[in-house]
Amino acid sequence: MENRRYNGLDGLRGYAAIGIVLMHVMLNGFELKGFVANRIIAQFGEFVYLFMIVSAFSLCCGYYEKIASAQITPAKFYAKRVKRILPFFALLCIMDFAVAPSVKSAMELFADLTLCFGLLPNPAISVIGIGWFVGLVFVFYITFPFFCTLIASKRRAWLAFAASIAFSMMCRYYFFDSAHMLNFDYRGNIVYTAPYFFAGGLIFLYKDSISKLLVKFKYLVLLLCIGAAAIFIWQGSRLWTALPMFALFTIYALREKSPLLENKLTSFLSGISMEIYLCHMMFFRLLEKVGLTKIFANDLLSYIVSAAATLTLAIAFSFAFNKILKVVESKKLWRKN
């Protein structure tokens, strides 16, 4: 079970990336009305919280035992994380800076390239604005050894999870007010979002038991997922609505052989989900500048075409970049030999 790959998580990553693209395109260029637009698509941006749970679970699958038993050095762990994030993110940051260079943008570019901008007290950086998620996740990587210590036992993990919820609530109702923060995007703060990471850690600790239960109760878990989604849509995004829903989604994804979550398309999209998330707004703005986002009088039709074009360009660019990066890496390996 330790070496098992949970392919259902591919579906979560792929669908989450698509959902975020649909939300950003709609909110940045179209005024659609109706239940689907305002109560469902507009909430797709909350899939970033799902990414947090899945990221924590996946990272624990790959490194929890290695860190706990000192089988991997901190240098190797961080090198792998930087290698995964920095090349694509750095390219987008440089391209963004080249479009509108300034002293302010240069300083923000520097902060982005360090990957440590999530440590700023208020990391509101306009260069790749949606890149705040990269800063947050990298802070999680920095603190991952401490995170592993906090979930070293199930009892300790539950206590840490409860404490993280309490701290997150204090952030919303006390610390993140005008006396402490101004113009602050609380999603980029590791303390506020910690419950999602701890949820991923808890699911990791119980993964074997969950996998066994899913054999008998997969349809019950699916019904719970649907119920949690209905509550989320009805009540809107809150910690008590988003956390259970995304945790249940992740739990359901641990089942074996789910055609909806495990297929060639989701496997492909999962491999470039982070890249799609980071670059899609660049292509939407490009389409907007050349006048291709409003080619129809019907706003809904224009949105569908714009979203499809944005997603297609983002996927093609992400896929091409990864292919080129692999070629470059193979050349380096060849030279070393």
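Visitor: Where is the place of K257?

Guide: K257 sits in the loop between α11 and α12 (264-271). Helices here are DSSP runs of H or I with at least four residues, numbered from the N terminus. This is a predicted model: local features need pLDDT of at least 70, side-chain atom pairs count only at pLDDT 80 or more, and totals for chains, interfaces and linings use all residues. Residues are numbered from 1 along each chain as its sequence is written, and side-chain values use heavy atoms, with hydrogens and water left out.

Visitor: Is K257 buried or exposed?

Guide: K257 is exposed, at a relative accessible area of 69%. Exposed means over 50%, buried under 20%, and partly exposed in between (1.4 Å probe, protein chains only).

Visitor: What is phi of K257 near?

Guide: Near 55°, a positive value in a residue other than glycine. Most residues other than glycine have a negative phi.

Visitor: And what about L115, what is its phi near?

Guide: Phi of L115 is near 65°, also positive in a non-glycine residue. L115 lies in the loop between α5 (103-114) and α6. L115 counts as buried, at 2% relative accessibility.

Visitor: Now α6. How many of its residues are buried?

Guide: Ten of eleven, so α6 is mostly covered. Among the buried ones are W132, G135 and Y141.

Visitor: What do they pack against?

Guide: The buried residues of α6 pack against α3, α4 (74-99), α7 (144-150), α9 and α13 (273-289). Contact means heavy atoms within 4.5 Å.

Visitor: At what angle do the axes of α6 and α9 cross?

Guide: Roughly 70°, and the axes of α6 (residues 132-142) and α9 (residues 190-205) come within 11 Å. That makes α6 roughly perpendicular to α9, a label for angles of 65 to 115 degrees. Axes are lines fitted to C-alpha atoms over the stretch in contact, with angles from 0 to 180 degrees between N-to-C directions.

Visitor: Which residues make the contact?

Guide: L136, V139 and F140 of α6, with I190, T193 and F197 of α9.

Visitor: New topic. Which residues have the most contacts inside the largest nonpolar core?

Guide: F89, F144 and I276, in a core of 106 residues. Helix α3 (residues 47-68) gives the largest share, 14 residues. A nonpolar core is a set of buried Ala, Val, Leu, Ile, Met, Phe, Trp, Tyr and Cys residues joined through side-chain atoms within 4.5 Å.

Visitor: What does F89 touch?

Guide: Leaving out residues up to four places away in sequence, F89 touches D112, L115, F117, I128, G131, V134 and L278.

Conventions: Helices (H or I, at least four residues) and strands (E, at least two) are DSSP runs, numbered from the N terminus. Angles under 35 degrees count as roughly parallel, over 145 as roughly antiparallel, 65 to 115 as roughly perpendicular and the rest as oblique.
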